[in-house]
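Thanks for coming. I will take one protein and walk through how its chain is arranged. Please have a look at it first.

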Amino acid sequence: MSLCRLLIVAGAVLLACPAAASARVAVVATGGVRAALVDVTTDAVVAQVDVGGPSRAVVAAPDGRRAHVAAGDGIATVDLDALTLVRRRGIGAEAVALARSPKGGALYAVAGRRLLVVDSSTLAVRHRIALR
């Protein structure tokens, strides 16, 4: 249980746009079905996006235009310019942590005792790796 809380807090501080961007939005995994998008210059919630399941973790795309949210048994992609859901796709298990590859082509999701390698564009699971 403390790991889930830690991940929610970590998602709350994740800045979703790079420093060079003019608009800065933080994506907050709230634990509910809506991820909160917070303008960091005003500290105001500018949007809440239904991600289709309890939001547990967030990772930003390298260009800062999109963020991926672990939501229930799926991953959701949020457009940070339009402040809307782009897509959601089931991955077959509830992910509790997300990371991305340095170039952004792959997402890594920890779900149960597996590490899933997910295509960041299509959200299709490429590989399932057993964890010990």
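Two remarks on method. This is a predicted model, in which local features need pLDDT of at least 70 and side-chain atom pairs count only at pLDDT 80 or more, while totals for chains, interfaces and linings use all residues. Residues are numbered from 1 along each chain as its sequence is written, and side-chain values use heavy atoms, with hydrogens and water left out.

Now the layout. The protein has one helix and 11 strands; both are DSSP runs numbered from the N terminus, a helix being H or I with at least four residues and a strand being E with at least two. Reading from the N terminus, the order is α-β-β-β-β-β-β-β-β-β-β-β.

Of the 132 residues, 42% are buried. Buried means under 20% relative accessible area, exposed means over 50%, and partly exposed is in between, with a 1.4 Å probe and protein chains only. The accessible surface comes to about 6900 Å², and 55% of that belongs to carbon and sulfur atoms. These areas come from the Shrake-Rupley method with a 1.4 Å probe, and for residues only the protein chains shown count as cover.

Next, the strands. Strands of a sheet pair through backbone hydrogen bonds, either parallel or antiparallel. Here, β1, β2 and β3 make an open sheet of three strands in the order β1-β2-β3, with antiparallel pairing. To count as paired, two strands need at least two bridges between them in DSSP. Which strands sit at the edges of this sheet? They are β1 (25–28) and β3 (44–50), each pairing on one side only. From one strand to the next, the twist averages 25°, where axes are lines fitted to C-alpha atoms, for helices over the stretch in contact, and angles run from 0 to 180 degrees between N-to-C directions.

Take β1 with β2 (residues 34–39): they pair in the antiparallel sense over four bridges. In β2, V38 is the bridge partner of A26.

Another antiparallel pair is β8 with β9 (residues 106–111), joined over five bridges. A99 has Y108 in β9 as its bridge partner. This hairpin has five residues between the strands, and G104 takes a positive phi near 90° there.

On to the inside. In soluble globular proteins, nonpolar side chains tend to be buried together. The term I use is nonpolar core: a set of buried Ala, Val, Leu, Ile, Met, Phe, Trp, Tyr and Cys residues joined through side-chain atoms within 4.5 Å. The largest one here has 15 residues, and V27, L37, V51, V58, V69, V78 and L80 have the most contacts inside it. Two or more residues each come from β1, β2, β3, β5 and β6. The largest share, three residues, is from β5. Another core lies apart from it, with 13 residues, including A70, A95, L98 and A109.

Is S55 buried or exposed? S55 is buried, at 0% relative accessible area. Leaving out residues up to four places away in sequence, S55 touches A29, T30, G31, G32, R34, V69, A70 and A71. A contact means heavy atoms within 4.5 Å. Among contacts in the protein between residues at least 6 apart in sequence, 30% join residues at least 24 apart.

Last, the salt bridges, each a side-chain nitrogen of Lys or Arg within 4 Å of a carboxyl oxygen of Asp or Glu. How many are there? A search of the whole structure finds three.

One joins E94 and R56, at 3.5 Å from N to O. It links distant parts of the chain: E94 is in the loop between β7 (84–90) and β8 (95–100), R56 is in β4 (residues 55–60), and they are 38 residues apart. E94 is partly exposed at 39%, whereas R56 is buried at 18%.

Another joins D73 and R88, with the closest N and O atoms 3.3 Å apart. D73 is in the loop between β5 (66–71) and β6 (74–79), and R88 is in β7, 15 residues apart. D73 is partly exposed at 42%, and R88 is partly exposed at 31%.

There is also D119 with R126, where the closest N and O atoms are 2.9 Å apart. D119 is buried at 18%, and R126 is partly exposed at 42%.

That is the end of my part.
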